[in-house]
Amino acid sequence: MKRNLKEYPYDSYGYTEIRVINDTDCACEADDAFAVAHVLLTSQFDVRAVTAEHFREDNSAERSYQAICNLVDAMGMTGTVQVLHGCSAMRSETD
């Protein structure tokens with residue numbers, strides 16, 4: 001059975017929940033997946049969404065989206081957090 005840290009509340013002086021939208025290019029480097037997992041498991045964060053961003057390759061925003069969905073699924077958290085597509089890459093330097 002998969003669990004997350006939000007199931008184990010702790011008492012913390014001055015604890016307040018912080019609303020978060022995590023924007024990431026999750027398919028680009030390994031540290032992004034660790035950062036997303038950390039945000040999702042931190043009980044102080046009320047994660048409203050994780051958005052997938054592009055990086056220097058074609059179709060990279062979609063690859064990031066799929067990587068986030070796979071991570072959320074592996075964590076057993078599918079349906080508990082919104083995974084959204086971010087913006088596409090700019091077409092030129094003047095956009």
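Trainee: In which strand is alanine 49 placed?

Mentor: In this predicted model, alanine 49 belongs to strand β2.

Trainee: Why is alanine 49 called buried?

Mentor: Its relative accessible area is 5%.

Trainee: What makes Val20 and Leu84 contacts of alanine 49?

Mentor: Contact means heavy atoms within 4.5 Å, and alanine 49 touches Val20, Ile21, Asn22, Val81, Gln82 and Leu84 on that basis. Residues up to four places away in sequence are not counted. As for threonine 80, 31 residues from alanine 49 along the chain, the two C-alpha atoms are separated by 9.6 Å.

Trainee: How do you know that β2 and β3 pair?

Mentor: Two strands pair if there are at least two bridges between them. Strand β2, residues 45-52, and β3 have 4 bridges, in the parallel sense, so they qualify as paired. On the residue level, threonine 51 has leucine 84 in β3 as its bridge partner.

Trainee: What makes β1 and β3 edge strands?

Mentor: The open sheet has 3 strands in the order β1-β2-β3, with parallel pairing. Both β1 (18-24) and β3 (82-85) pair on one side only. Neighbouring strands of the sheet are turned by 25° against each other on average, direction ignored.

Trainee: At about what angle does helix α2 run to β3?

Mentor: Helix α2, residues 60-74, lies across β1, β2 and β3 and runs at about 170° to β3.

Key:
Residues numbered from 1 in each chain as written. Predicted model: local features only at pLDDT ≥ 70, side-chain atom pairs only at ≥ 80, totals over all residues. Heavy atoms only, no water. Helix = DSSP H or I, 4+ residues; strand = E, 2+ residues; numbered from the N terminus. Axes fitted to C-alpha atoms, helices over the stretch in contact; angles between N-to-C directions. Buried < 20%, exposed > 50% of the residue type's maximum accessible area, 1.4 Å probe, protein only.
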